[in-house]
Amino acid sequence: MYVCVSVLCNQKPRDHIKRFLKRRGRRSTQRVSRTMMSVVLRLSVMWCLLDICQSGPVFRPVPDQGFILKALAEVRQRRAAMISDDGNGEYIKWKQLDGSFGVEFAWGSTRSHIKRALRSTQGEPWPKPQVYKTRETIFTLNPTHFKINVDQNIKSDVISEAINRYNRTVFENAIQITEENFRNAPKSEVNKEMQYERDELGFINADRIRALTIQVNFTCDVTKSNRTNVSCDIYPSLTSDESYTLIVNSTGIFLSAQEVWGVVHGLETFSQLVLQYRDQFYIKETIIEDFPRFPHRGVLIDSSRHYIQKEVILDVLEGMAMNKMNVLHWHLTDEQSFSYKSDAFPDFSQKGAYHPNMVYTRDDINDVIAHARLRGIRVIPEFDVPGHTYSWGLSYPKMLTQCYFNNIPVPGFLGPLDPTNEHVFKILSKLFEEVTSVFKDRFVHLGGDEVNTECWASNPKVVELFQALFIKDNLRTQLSQSGPNLFTNITTNMTDNEISNMLQDKIIKMQKSPSMMKENLPTYIWEYFNNRLKEKLDAIARDRNLGLDVIMWQDGMKQGVNIPKDTIIQVWTSKSHEIGPILRKGHRIIFSTCWYLDSFRRGVHWQNFYNCEPNEVDAEEGTQILGGEACLWSEYISSEMVSSMLWPRGSAVAEKLWSSRKPRALLDVSRRLSEHRCRMLRRGLDVGYANGPEYCVRKKTSRTVQSTQHTDKLTLNLAKDEIEYLIEKLRQPRISSNVSYVSAVADYTSIHLTSLFLSIIGVLALTLMMVCRKQRR
């Protein structure tokens with residue numbers, strides 16, 4: 001250490017030692033002693049210099065040091081201004097590029113880009129709560145001692161299962177506070193954007209919160225509840241109260257809700273607020289008042305075009321719970337396959353499914369419904385009729401309409417369900433009676449889109465039915481216009497043959513007018529089919545205490561079909577400002593037009609889903625809009641692709657349906673979406689990208705390697721990783737709440753043991769030399 005001081009004082013170590021010995025009257029030492037001393041001194045000087053280069057010298061500043069530091073700061077400022085701002089705008093900045101985000105470098109007329117996601121937020125909930133206030137005050141949570149408490153008098157399996165679920169999820173999958181690599185970029189907006197501002201002292205001195213307390217005003221005991229009691233329904237419904245209040249302060253965490261479904265959403269929000277930093281868990285002081293904007297927030301999955309594994313459907317439900325979506329619209333049948341295994345009609349799936357194993361049994365459906373219920377999600381089945389039914393005909397071909405060409409039947413060419421076959425309605429009645437007993441929701445979807453009416457028009461039996469309906473309707477119209485006495489007076493003086501001839505004349509006139517057939521047949525036949533099916537469903541609803549509500553696609557209304565007002569219309573072709581006519585007819589609406597997730601293209605395009613507004617009508621008509629659905633049709637999406645295609649793009653739809661209509665900057669939304677994507681990945685969902693090139697810190701996973709050579713390499717790599725981890729842990733300061741935080745000491749006074757050790761050797765060498773000289777004398 002004495003030698004180090006001599007170096008810092010700009011003195012030659014050897015001269016200084018000579019003067020040191022001379023002052024004590026020492027003679028010159030022997031050559032060996034001098035050689036050893038010289039080597040030790042040189043090594044000490046070398047290590048002192050290394051020490052200075054690594055941690056910086058600790059010395060009193062020279063008189064002009066303040067001036068020098070100020071000058072250096074001015075140089076840095078001028079350099080930063082030179083590369084980042086020319087007075088009119090920044091040269092290096094973040095920008096929303098065409099289909100992506102990234103860094104733009106601008107110099108003169110030159111523009112170049114680096115595609116890169118912005119720094120994600122940390123500890124921000126998705127979707128955005130209605131009222132969300134937070135402060136920088138931080139509290140710590142200890143996984144070992146933290147508890148979620150609820151009144152013991154509250155008996156709800158939904159709450160108890162949610163507590164067990166989130167006790168694991170909160171701490172196992174919390175988002176980690178990390179630094180971005182672009183924080184090392186040259187001084188610019190890029191560098192500033194990637195710096196995560198945090199108060200280290202706030203983390204160190206954070207008070208501990210030990211519990212979350214749940215208060216719920218109304219629950220249903222699953223062991224006693226009866227579904228006939230609407231006020232106590234163990235299943236979520238359209239009218240369920242999903243609101244909740246979440247408060248985090250120094251006294252604890254408090255979650256209150258009117259019903260259990262609000263508790264489920266509140267626990268999910270709580271789990272998203274928790275952060276992990278240096279193996280500790282933290283949460284900010286927060287106040288949240290939250291409730292959904294729309295009661296119907298759905299996801300449509302299509303298990304007919306591609307069979308979707310039950311485990312994948314359960315993952316879809318997990319993602320829906322994380323995004324506070326509450327309706328799984330399950331499209332079970334279509335032209336390609338019949339994936340529902342019916343007990344009443346087993347041939348439907350035995351002959352109509354892709355494979356006998358690619359079906360959903362009653363047990364499978366019960367598992368999905370139970371999994372969904374515990375997360376506040378409803379399951380609505382869709383059996384698409386009268387179109388999209390070719391797979392039905394694989395087992396019951398007479399159910400479908402035989403299509404004709406030039407009045408000749410085309411073998412194997414089968415169209416929609418045959419409205420002239422009375423057996424069709426008997427099968428539908430029995431099938432839907434079974435379906436409504438298996439699925440617990442009040443709603444059932446009947447499809448009703450893209451019906452091949454040309455096949456109907458080619459079939460002689462269907463044409464005959466249309467003629468009868470058309471004439472009957474025309475006579476009814478004449479009666480309503482001229483009064484009943486006119487028809488009575490006309491027919492009283494006519495024989496049966498004359499009446500028959502009159503009707504035959506009308507039929508002949510109709511046949512001579514193809515345009516009349518083309519314009520009117522689809523409407524009359526489609527309406528006839530819907531009315532007959534509605535009669536059957538009304539009978540089922542009367543026997544079903546819960547009741548029954550029907551959803552249909554909008555195609556029938558566009559065709560001019562009169563649909564009962566209590567039918568809910570799902571809009572998929574009209575824009576939100578074009579739905580006024582449907583609303584004015586008294587129908588409630590589910591909106592899906594701009595949320596078809598199976599429409600995929602290169603780039604970042606969740607913004608298109610986020611910018612879509614489902615309600616652009618006046619306030620009174622807006623109350624008839626129940627919400628919307630993100631649709632994932634599976635013509636070109638297999639079971640393995642469902643999660644990556646659905647999330648996080650479906651998250652944009654979720655926030656539009658839950659959060660307020662208040663406009664938000666897309667750059668800020670993209671940051672929160674990046675965090676939410678990472679959150680879903682950490683919880684085991686194989687979701688897709690959000691904003692282009694980005695990353696997410698996840699738990700490391702490894703696969704078993706069979707090769708011995710590869711296994712040895714893997715072992716070495718694991719050992720190397722473990723050593724690096726231990727070194728990193730040793731470098732991290734041990735932090736405790738009763739130790740004051742002094743950043744200057746931590747940053748500039750590191751102890752180098754090697755330098756100290758060599759200095760001690762030098763002192764011992766000098767002492768040994770002096771002892772030897774004394775003995776020689």
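I'll start with His388, which counts as buried at 9% relative accessibility; buried here means under 20% relative accessible area and exposed over 50%, with partly exposed in between, using a 1.4 Å probe and protein chains only. The model is predicted, so local features need pLDDT of at least 70 and side-chain atom pairs count only at pLDDT 80 or more, while totals for chains, interfaces and linings use all residues. Residues are numbered from 1 along each chain as its sequence is written, and side-chain values use heavy atoms, with hydrogens and water left out.

Back to His388. It is not a glycine, yet its phi is positive, at about 55°. His388 sits in the loop between E15 and E16; helices (H or I, at least four residues) and strands (E, at least two) are DSSP runs, numbered from the N terminus. Pro386 is found in that loop between E15 and strand E16 (400-405), and a cis peptide bond with omega about 0° joins Val385 to Pro386. Most residues other than glycine have a negative phi, and most peptide bonds are trans.

Another positive phi, near 65°, belongs to Asn407, in the loop between E16 and strand E17 (408-417). Asn407 counts as exposed, at 72% relative accessibility. There is also a cis bond from Trp647 to Pro648, with omega near 5°; Pro648 lies in the loop between helix H22 (642-646) and helix H23 (649-658).

Now the chain as a whole. It has 27 helices and 22 strands, and 47% of its 777 residues count as buried. Of the contacts with a separation of 6 or more, 74% are between residues 24 or more positions apart; contact means heavy atoms within 4.5 Å.

Next, helix H11. Which of its residues are buried? They are Asp364, Ile365, Val368, Ile369, His371, Ala372 and Arg373. Their cover includes helix H5 (157-172), helix H8 (260-273), H9, strand E14 (327-333), strand E15 (378-383) and helix H12 (422-438). The 12 residues of H11 should span 16 Å at 1.5 Å a residue, and the end C-alpha atoms are 16 Å apart, which agrees; the expected span is 1.5 Å times one less than the number of residues.

Helix H9 (residues 310-322) packs against H11 (residues 362-373) at about 15°, with the axes 10 Å apart. Axes are lines fitted to C-alpha atoms, for helices over the stretch in contact, and angles run from 0 to 180 degrees between N-to-C directions. H9 and H11 are therefore roughly parallel: under 35 degrees is roughly parallel, over 145 roughly antiparallel, 65 to 115 roughly perpendicular, and the rest oblique. On the H9 side the contact is made by Lys310, Ile313, Leu314, Leu317 and Glu318, and on the H11 side by Asp364, Asp367, Val368, His371 and Ala372.

The axes of H11 and H12 come within 11 Å and cross at roughly 40°, so this pair is oblique. Arg362, Ile365, Asn366 and Ile369 of H11 meet Glu434, Ser437 and Val438 of H12.

Last, helix H8. Gln272 is in H8 and is buried, with a relative accessible area of 1%. Not counting residues up to four places away in sequence, Gln272 touches Gly123, Glu124, Pro125, Trp126, Met322, Glu675, His676, Arg679 and Arg683.
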